[in-house]
Amino acid sequence: MGMTNRLIEKFATPVPRYTSYPTAPQFNGTVGPAVYADWLRTLKDDGDVSLYVHIPYCDTLCWFCGCNTKITQRHAPVSRYLNYLFREIDAVSTALSPGSKVTHCHWGGGSPTMLAPDEIVGLADRLKQRFTFAADAEIAIEIDPRDLDETKADALATAGMTRASIGVQDFEATVQAAINRHQTFEQTRDVVDLLRARGVASVNIDVMYGLPHQTLSALRNTIDKVAELAPDRVALFGYAHVPWMKKHQRLIDEAALARPQARFKHARDAGDRLEAAGFNRIGFDHFAKPRDDLSIAAAQGRLKRNFQGYTADGAKTLIGLGASAISKLPQGYVQNETAIASYERDVAATGFATAKGVRFTADDSIRADIIERLMCDFEVDINAMTAKFGDRANAVIGEACETAGSDIESLCTLTDDRLALTAAGRPFVRTVCSWFDAYFQAGPARHSTAV
Ligand SMILES: C[S@@+](CC[C@H](N)C(=O)[O-])C[C@H]1O[C@@H](n2cnc3c(N)ncnc32)[C@H](O)[C@@H]1O
Ligand code: SF4
């Protein structure tokens, strides 16, 4: 543990989560709706696309929440928002080159389960009318189990949901009180049963470590109960405490948060426990049963990383719909207005709500590829990179090594062919990625800590 403690002290510093490169702070106003529409039009006709649909509403506030959501007890704003979402779906699908085929569709939030049953079916219908879906398209929907009853479960099945992604976080009452999220094991189990009974083949469960008052034994208990639900995937997220960005996180008692050493120990223990329960470790925060797509993709070296985390989705284009949604096209990233009022205003005017984005430079593409491989495989095949990008890839790697200096030996092994994280270095993969990030400046905490 002595060496691990030294690594934690040195490397548990704030770094981005690298769900994209360039990361969101680089997005700027030079990419607007006209550029986005042009990028959609010029997509290759035979390309696969992924859809991401954002529902930015919840009925209660979890104090830890870092997502883009708004709390409402009234349904009218949700229905109103849905109407604007339909208009954006119409505008974007009209601009999109006609041969594109949807292979993956993810509804996230907030809580898509805030939609009424007829709205769930209506949204699925609208998407299927306006986009061409592959026959075996995957439809994943994020579920707040506290919102779900039989009628809603029926609606989700009618909508064609193939994967349910269920928020749990922690089952311990003390922790639940400290995060304002009350959800029993029985309630969660009933939701899993309801969905499985309706033919939903795949279940993902979100768990968090680093929550206030979360002891190691509470976390172990949560992991054991989660394993009892036999999910196909588990996402184990470290609580990102960023109260300067998410003001409501001030409701969380900082004195009750684990220090970096304990946090690290909790993450490792929970991960080991999931592995012992038959899950494969996928990247740095996901776990999947051996027969799950994520495990297969990881074994074949085709794991990818996007805004939802790790994915087996190979589509090169991601179309984000709804407030704050981010799209990825071959030319760059595009993000919609985040505030619901601004989103609705823009959609009303033009059908689009593009607020900002970033165009990829040749240099960005090399760094993005290296960072994605590190995040997914914990190593980079240097020859593969030079085969793909030429000498420039060597220059990027050389520069990163200079930035890292002697830190390389602490976390990685480097040969002429390969940069690979050591077992001890793996938890700090985001730090290694930051060496390749041309825009990253280590400095005052703007991101959450690395472990
Ligand atoms: C949109 S929510 C999932 C669906 C639904 N809203 C729910 O909570 O049940 C996405 C997930 O992000 C994770 N999450 C939210 N805030 C976080 C934070 N500050 N740090 C780390 N993970 C967070 C939680 O595990 C949560 O389940
Ligand atoms: S964690 Fe999920 S349910 Fe809780 S506030 Fe955030 S988005 Fe809503």
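Me: What do the domain bounds of this chain come from?

Reply: Domain bounds come from an automatic or database domain assignment. In this predicted model, the chain is divided into domain 1, made of 1-16 and 362-440, and domain 2, which covers 23-321.

Me: How many Å separate the centres of domain 1 and domain 2?

Reply: Taken over C-alpha atoms, the two centres are 28 Å apart.

Me: How many residues of each domain are in contact with the other?

Reply: The size of an interface is often given as the accessible area lost when the parts come together. Here there is a residue count instead: 12 residues of domain 1 are in contact with 12 residues of domain 2. On the side of domain 1 that touches domain 2, the elements giving two or more residues are helix H1 (2-11) and helix H12 (362-377). H12 has the largest share of that side, with 4 residues. By class, this side of domain 1 has 8 nonpolar, 1 polar and 3 charged residues.

Me: Now the ligands. Which residues come nearest to ligand 1?

Reply: There are 18 residues around ligand 1, and those that come nearest are Gly66, Gly167, Asp206, Phe237 and Ala240. Strands E4 (101-109), E6 (163-169) and E7 (202-209) each supply at least two residues of this shell. The shell around ligand 1 divides into 8 nonpolar, 7 polar and 3 charged residues.

Me: Which residues surround ligand 2?

Reply: Ligand 2 is surrounded by residues including Cys58, Cys62, Cys65 and Cys67. Leu61, Thr69, Gly109, Gly110, Ser111, Asp144 and Gly167 also belong to its surroundings. The classes in the shell around ligand 2 are 5 nonpolar, 5 polar and 1 charged.

Technical notes
Residues numbered from 1 in each chain as written. Chains lettered and ligands numbered in written order. Predicted model: local features only at pLDDT ≥ 70, side-chain atom pairs only at ≥ 80, totals over all residues. Near = placed C-beta within 6 Å. Nonpolar A, V, L, I, M, F, W, Y, C, P; charged D, E, K, R; others polar. Contact = placed C-beta atoms within 7 Å.
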